[in-house]
Amino acid sequence: MGVHGIGLIGMGALLVLIFLRVPVGISMGLVGFFGYAAIDGWKRALSVLGQAPYDVASGYALSVVPLFIVMGDIALRAGLSAKLYDAARSLFFGARGSQAYATIGACAGFGAICGSSLATAATMTRIAIPQMRRAGYDDRLSTGSVAAGGSLGILIPPSIPFVVYALTAQESVPRLFAAGLIPGLLLTALYMGVAFGITVARPSWAPLHEPQGRGDRLREIASVWDVALLFTVSIGGLYAGWFTPTEAAAVGAFGALLLGTINGGLTWEKTCESFRAAIGTTCMLFVIVICAVIFSYFVVQTQLPSLLVDWAQSLKLGPTGLICILIAFYIVLGCFMDGLGMILITVPVFLPLIVASGYDSVWFGVILVVVIELGLIHPPVGMNIFVIQAQVPEVPVLRIYQGIIPFLVAPFILLVLLVAFPSIALWFPNYLFQ
């Protein structure tokens, strides 16, 4: 049997293992190791198995991951997310649907210091939904706003999926962070537009309330100076070239620790919890990346990427037709696979095809993260949906589905805009790093 046949069998085995609920990282490691052994022998496979953990663990580029995780976890436990929600609510107070806009805006702000969609959705569920329910908001609008807004956590930098994509695609982390900023802000505006449309079509879902006094509004808006300072110094310093990605993450983690201590929201116990949680998350991510490296060695040996490029060129689809097919594929894949698994499994296979079609790999990274966002909120899976339902079990999953469906329009609009106008993602990184 040729290497192509072994590669196809390996891909089929990977899908079977994933459907059997074997963790994605373990599935990739098993298929990569045994597949490599089938092609190049047990001695070489064992050599790869021994070398991959060292290469990953000693790689300087991955040091950014635990630091950004610590930054987000400390910000969460220091109460910065609640301040963001109060400030955003004050900004929109008096308008119909103000708390839905505030939820989406606060999710975007918290995503800018957290980097995790699931953490953002879980946090805002605890903060926003009880207040929206007390204000008389329909559960469909409140849960839909949290689920949609929560997905912004991986598009607005810092973003763990962007870091993992950068490592997989051998791309620049600062360029990817810069590429995600404008699409992230645009998607925030689109989500708010959907919320506005819902309040127009269903005004009973979002009762009107008396506006706040100007002084109270200004005080609450000004209270998030620490969040703005943290983002400006950490991510702004990265854009300005003051810091490398790892240095920016270290400054952000220390800044979150310092600000949380100053404002009294961070105790010694919470600090210890943050570091324990960050260690657990980092270990999980490193195991997945190590297994993905083993799998990528196998993929290279199978020559499947070059075979895929030749097959796609023979179809004469054109670049736009190709990217539309890939987006549809990723949307279906998002029904049963998490975002990091999608990146680590598919990028080694599809990226050569994307580059051969004339697309920029940074632009494709933004497209991929937007599609991952879709996977986090579209039925029947949607991890953000289940995170919300686990915390408000009295709200049926079907009701959350009804709330999130209108919001699915926004990422589809963004995908169309990104395909039609790639400069939406590429202008800012090209401006900063020309």
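Let's start with leucine 118: it is partly exposed, at 35% relative accessible area. For these words, buried means under 20% relative accessible area, exposed means over 50%, and partly exposed is in between, using a 1.4 Å probe and protein chains only. Leucine 118 sits in helix 7. Helices here are DSSP runs of H or I with at least four residues, strands are runs of E with at least two, and both are numbered from the N terminus.

Before I go on, a word on where this comes from. The model is predicted, so local features need pLDDT of at least 70 and side-chain atom pairs count only at pLDDT 80 or more, while totals for chains, interfaces and linings use all residues. Residues are numbered from 1 along each chain as its sequence is written, and side-chain values use heavy atoms, with hydrogens and water left out.

Okay, back to leucine 118. What does leucine 118 touch, if we skip residues up to four places away in sequence? The list is Leu376, Met383, Asn384 and Val387. A contact means heavy atoms within 4.5 Å.

Alanine 119 counts as partly exposed, at 24% relative accessibility. Leaving out residues up to four places away in sequence, alanine 119 touches Phe110 and Cys114. From alanine 119 to glycine 153 the C-alpha distance is 8.2 Å, and the two are 34 residues apart in sequence.

Now for the charged residues. Side chains of opposite charge can pair when their charged atoms come close. A salt bridge here is a side-chain nitrogen of Lys or Arg within 4 Å of a carboxyl oxygen of Asp or Glu. How many salt bridges does that rule give? The count comes to 4.

Take aspartate 139, which belongs to helix 8, residues 139-150. Is aspartate 139 buried or exposed? It counts as buried, because its relative accessibility is 16%. Its side chain meets that of arginine 133 in a salt bridge, at 3.1 Å from N to O. Arginine 133, for its part, counts as partly exposed at 31%. Besides Arg133, aspartate 139 touches Gly144, Val395 and Arg399, again not counting residues up to four places away in sequence.

Aspartate 138 forms a salt bridge with arginine 140, where the closest N and O atoms are 2.9 Å apart. Arginine 140 is buried as well. Aspartate 138 also meets arginine 399 in a salt bridge, this one at 3.5 Å, N to O. Here's the part I like: arginine 399 lies in helix 20 (residues 397-404) and aspartate 138 in the loop between helix 7 and helix 8, so this pair ties together parts that are 261 residues apart in sequence. There's a network too: salt bridges that share partners join Arg133, Asp139 and Glu394.

Let's move to the backbone. Most residues other than glycine have a negative phi, and most peptide bonds are trans. Proline 158 is in the loop between helix 8 and helix 9 (160-169). Then there's glutamine 170, a residue other than glycine with a positive phi, near 55°. You'll find glutamine 170 in the loop between helix 9 and helix 10, and it is exposed, at 69% relative accessible area.

On to helix 21, where Ala410, Pro411, Leu414, Leu415, Leu418 and Val419 are buried. They sit on the same side of helix 21, because they cover an arc of only 165° around the axis. That arc is taken from the directions from the helix axis to the C-beta atoms. Elements that cover these buried residues include helix 10 (173-201), helix 16 (318-333), helix 18 (361-377) and helix 22 (423-432).

Last stop: leucine 49, which you'll find in helix 3. Leucine 49 is partly exposed, at 39% relative accessible area.
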